[in-house]
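Me: I am new to reading protein models. Could you take me through one, feature by feature?

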Amino acid sequence: MARKRAVTRNNKKSMVYISGILTIMLTVLIVLSLKLNSQREALLAESKDLEYKKQVEQQRTEEINAFKDSTDTKEFIERTAKEKLGLLYENEIIFKKEK
């Protein structure tokens, strides 16, 4: 009987130790899970922000390409040369209004 009680006490101590270790492991697992979840949320928010910036930059690129295409025309070059630089063709005359 005394031996049976000693074995039962040892079993109870072992069960308490194992339960404590499992509780610690479960706590660590929950904490790490919460940390990973918060990191995931931050990365998702950053991903959405980057996707928005990508769309803005693509739109800006399209606008720049459209402007580039319009500036490559002969009409644009002639208009700019006349308006900003005052250049003319050899046989061209400019009439100005008198004040």
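Me: Is R79 buried, exposed or partly exposed?

Reply: First, a word of care: this is a predicted model. Now the idea. Buried means under 20% relative accessible area, and exposed means over 50%. R79 has a relative accessible area of 45%, so R79 is partly exposed.

Me: Which helix holds R79?

Reply: R79 sits in helix 2. That helix covers residues 74–85.

Me: How many residues of helix 2 are buried?

Reply: One, among its 12 residues. Helix 2 is hardly covered.

Me: What comes just after helix 2?

Reply: Look at the backbone angles there. G86 follows, with a positive phi of about 70°.

Me: What should I keep in mind about side chains on a helix?

Reply: An α-helix has 3.6 residues a turn, so residues three or four places apart point the same way.

Me: Where does T71 lie?

Reply: T71 lies in helix 1, which covers residues 2–71. Its relative accessibility is 18%, so T71 counts as buried.

Me: Which residues does T71 touch, beyond those up to four places away in sequence?

Reply: T71 touches F76 and I77.

Me: Is L29 buried or exposed?

Reply: L29 is exposed, at a relative accessible area of 55%. L29 belongs to helix 1.

Me: How far apart in space are L29 and R79?

Reply: Compare sequence with space. These two are 50 residues apart in sequence and 71 Å apart from C-alpha to C-alpha. Now try Q59 and R79: they are 20 residues apart in sequence and 27 Å apart in space.

Me: What is the secondary structure of the whole chain?

Reply: The chain has two helices and zero strands. Its radius of gyration is 40 Å, well over the 13 Å that the globule rule gives for 99 residues, so the chain is more spread out than a compact globule. Its C-alpha atoms fill a box of roughly 125 × 30 × 15 Å along the principal axes.

Me: What share of the residues is buried?

Reply: Of the 99 residues, 2% count as buried. The accessible surface comes to about 10,200 Å², and 60% of it belongs to carbon and sulfur atoms.

Me: How far apart are the mean positions of the positive and negative charges?

Reply: They are 28 Å apart, for 20 positive and 15 negative charges.

Key: Residues are numbered from 1 along each chain as its sequence is written. This is a predicted model: local features need pLDDT of at least 70, side-chain atom pairs count only at pLDDT 80 or more; totals for chains, interfaces and linings use all residues. Side-chain values use heavy atoms; hydrogens and water are left out. Helices (H or I, at least four residues) and strands (E, at least two) are DSSP runs, numbered from the N terminus. Buried means under 20% relative accessible area, exposed over 50%, partly exposed in between (1.4 Å probe, protein chains only). Contact means heavy atoms within 4.5 Å. The radius of gyration is taken over C-alpha atoms; the globule rule is 2.2 Å times the number of residues to the power 0.38. Accessible areas come from the Shrake-Rupley method with a 1.4 Å probe; for residues, only the protein chains shown count as cover. Lys and Arg count as positive and Asp and Glu as negative; His and the chain ends are not counted. The place of a charge is taken as NZ of Lys, CZ of Arg, CG of Asp or CD of Glu. The expected span of a helix is 1.5 Å times one less than its number of residues.
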